[in-house]
Amino acid sequence: MKSTNELFKELKMSAIWTALLTLLFILFYRPADGFTDMISALPFFIVYYYCFFIIGKDSVSDKLRNWINGDVKKVILFPAILLILYFSYVLINGQNPYHGTLALVPYLIFFPALLFAARRNKVQKIDWLDFTAFVIYLLPTTLIEVNPAGDLPFKGESFDSIYRIILILSAVYAFGTVRGLKDIGFFPVFNRKFLWTAIWVWFAFYWIVLIIGFNVNFIRYVGHEVIDQALIHKIFLTLLATFFHTAIFEELFFRGLLLNMLTKRIGQAKTWKIFWYFGLTLAIPLALLVGYTLKGGMQWFPALMTICLFTAAFFLEKANYAPSGVYTGLAITSTIFGLVHYHSGAIVYIGFACLAGWAYGYTYLKTKNVFYSAIVHTLVNSSVLIFGLEFIK
C-alpha cells in the first residue's frame with residue numbers, strides 16, 4: 001500500500017512539473033509561423049515531458065520492472081510508444097519517417113532495452129556489456145545528425161526536439177528500468193542544499209575560468225548596451241533552452257550513466273590505483289594529441305588540465321574523502337568530457353571543458369541527481385550572456 005501511495009504521489013508531482021513547463025512554453029515561445037504549429041505540438045510536448053519527469057523515479061522503475069518480469073514483449077512496449085509518437089509527429093508535419101538518417105531512430109529506441117533484456121544472467125555488478133551498450137548507443141547519437149529531429153514546434157525556433165527527448169527517455173528506461181542501474185538520478189526534486197551546492201560550484205568554477213581566461217587573453221568583457229526586459233527575457237529563454245536541449249542530455253550520459261557506472265566498477269575492483277594509472281596513461285597522450293592538432297597557442301593546456309584533475313583525484317583517494325574509486329572515476333570522465341569538445345576548435349575551451357566536467361561530476365556525486373549537475377552546466381554555458389563576456393578563440 002505504501003509503495004502504491006508513493007507511486008501516485010510521484011505521478012502527481014510529475015504532472016505538476018509538466019504543467020509548469022507547459023505554461024512556460026506557452027508564455028515564452030514566440031512562434032515564427034503563427035500559433036498553429038505550437039497548438040499541434042502541445043499534445044506531444046505534454047506526453048513526452050510527462051514521461052521525461054516520471055521515467056527516472058525509483059518507484060516507477062521498480063513498478064515497471066516488476067510488471068515486465070523478463071517478458072520481452074513488455075520490454076518493447078514503452079520504446080514502441082515512443083517510436084509511434086515520434087513518427088506521428090514527423091508525419092503530421094509532412095516529413096517521411098523512413099527518409100535518410102530517420103531510419104536510424106528505431107535502432108536507437110529499441111537497441112539498449114533489447115540488449116539488456118537479452119542478457120540471461122541478471123547481474124547487479126557493472127560489467128563490460130554495460131559500457132559496450134553505452135558506447136554503441138551514444139556514438140550514433142553524437143556522430144550522426146538525424147533530420148528532421150522533430151523540433152517542438154516543428155517549424156521556427158525549437159524549444160527542444162522530440163528526437164533528443166526520446167534518446168533521453170530510451171536511455172533512462174533501458175539502463176534504469178530494464179538493466180536496473182541505480183543512482184542515475186534522473187528526476188526533478190527541489191532541495192535547498194542541492195541548489196546551494198549547484199550555485200557555489202558554478203561560482204567557484206567560473207572564478208577559476210575568469211582568472212585564467214583573462215590572463216591568457218581567452219576571455220574579454222564586452223558588457224551589455226542596456227539591461228532591460230528584452231535582455232532578461234533572452235537570458236531566461238537561454239537558460240531554459242540550454243537546460244533542456246543540451247545540459248540534461250549531456251549530464252545524463254556523462255554523469256548519470258558513465259560516471260555512475262565507472263565509479264561502481266572501480267569500487268567493485270576494490271582498488272582504484274590501476275584505474276588511475278591506466279586512465280592517466282591514456283588521457284595525457286590524447287590530451288596532447290587534441291591540443292597539438294588544433295591551431296593556436298597553449299597546445300599543452302588540455303594536458304595540463306588533465307594532469308591537474310588526476311593529481312587532485314590521487315590525493316583525494318589517498319585521503320579517503322569518498323568511497324574508493326569515486327574521484328578516479330570523476331577524473332577519467334571529466335577528461336573524456338573535455339576532450340570530446342574537440343569540435344569547438346578552441347584549445348583553451350577544451351581545457352576548461354575538462355575542468356567543467358569535474359564541476360558537473362562533483363555536483364552529481366554530492367546530489368546524486370543529474371538535474372542539479374545540469375543546472376551547473378546550464379549556468380556555465382549561459383555565463384557568457386549573463387555577464388556580457390566574449391570568448392576569443
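These notes walk through a predicted model, from its core to its surface.

1. **The core.** The largest nonpolar core has 126 residues. Tyr49, Phe52, Tyr86, Phe175 and Phe186 touch the most other members. Helix α10, residues 229–269, gives the most to this core, with 15 residues. As background, nonpolar side chains in soluble globular proteins tend to be buried together.

2. **Tyrosine 86.** Look here for one view of the packing. Beyond four places in sequence, tyrosine 86 touches Tyr48, Leu102, Val105, Val146, Pro148, Ala149, Ile162, Tyr163 and Ile166.

3. **Valine 146.** This residue sits in the loop between α7 and α8. Is valine 146 buried or exposed? Its relative accessible area is 5%, under the 20% cut-off, so valine 146 counts as buried. Outside its sequence neighbours within four places, its contacts are Tyr86, Thr101, Leu102, Val105 and Tyr163. The C-alpha atom of valine 146 lies 12 Å from that of tyrosine 107, and the two residues are 39 apart along the chain.

4. **Helix α8.** This helix is mostly covered, with 16 of its 17 residues buried. Serine 170 belongs to α8. Serine 170 has a relative accessible area of 2% and is buried. Leaving out residues up to four places away, serine 170 touches Leu82, Leu108, Ile109 and Tyr137. After α8 comes glycine 180, with a positive phi near 85°.

5. **Salt bridges.** How many salt bridges does a search of the whole structure find? The count is 7. Asp62, Arg65 and Lys182 are linked in a network of such bridges. In general, side chains of opposite charge can pair when their charged atoms come close.

6. **Glutamate 10 and lysine 57.** These two form a salt bridge, with the closest N and O atoms 2.9 Å apart. The pair links distant parts of the chain, 47 residues apart: glutamate 10 is in helix α1, and lysine 57 is in the loop between α2 and α3. Lysine 57 is buried, at 4% relative accessible area.

7. **Arginine 179 and aspartate 130.** Their closest N and O atoms are 2.6 Å apart, within the 4 Å limit, so the pair counts as a salt bridge. Arginine 179 is in the loop between α8 and α9, while aspartate 130 is in helix α7, 49 residues apart. Arginine 179 counts as buried at 8% relative accessibility. Aspartate 130 is buried too, at 0%.

8. **Glutamate 390 and arginine 220.** This salt bridge brings the closest N and O atoms to 2.4 Å apart. It links strand β2, which holds glutamate 390, with strand β1, which holds arginine 220, and the two residues are 170 apart. Glutamate 390 is partly exposed, with a relative accessible area of 29%. Arginine 220 is also partly exposed, at 43%.

9. **A nonpolar surface patch.** Val135, Leu139, Leu143 and Ile144 form it, with about 360 Å² of accessible area together. Valine 135 lies in helix α7, residues 128–143. Valine 135 is partly exposed, at 41% relative accessibility. An α-helix has 3.6 residues a turn, so residues three or four places apart point the same way.

10. **Cysteines.** The structure holds 0 disulfides. Why is cysteine 308 in none? A disulfide needs two cysteine sulfurs within 2.5 Å, and the nearest one to cysteine 308, that of cysteine 354, is 10 Å away. Cysteine 308 is partly exposed, at 38% relative accessibility. Cysteine 51 is buried, at 18%.

Definitions and conventions: Residues numbered from 1 in each chain as written. Predicted model: local features only at pLDDT ≥ 70, side-chain atom pairs only at ≥ 80, totals over all residues. Heavy atoms only, no water. Buried < 20%, exposed > 50% of the residue type's maximum accessible area, 1.4 Å probe, protein only. Patch = residues over 30% accessible without salt bridge, like charges linked within 9 Å, V, L, I, M, F, W, Y side chains within 5 Å. Areas by Shrake-Rupley, 256 points an atom, 1.4 Å probe, with all protein chains shown as cover. Salt bridge = Lys/Arg side-chain N within 4 Å of Asp/Glu carboxyl O. Helix = DSSP H or I, 4+ residues; strand = E, 2+ residues; numbered from the N terminus. Core = buried A, V, L, I, M, F, W, Y, C linked by side-chain atoms within 4.5 Å. Contact = heavy atoms within 4.5 Å.
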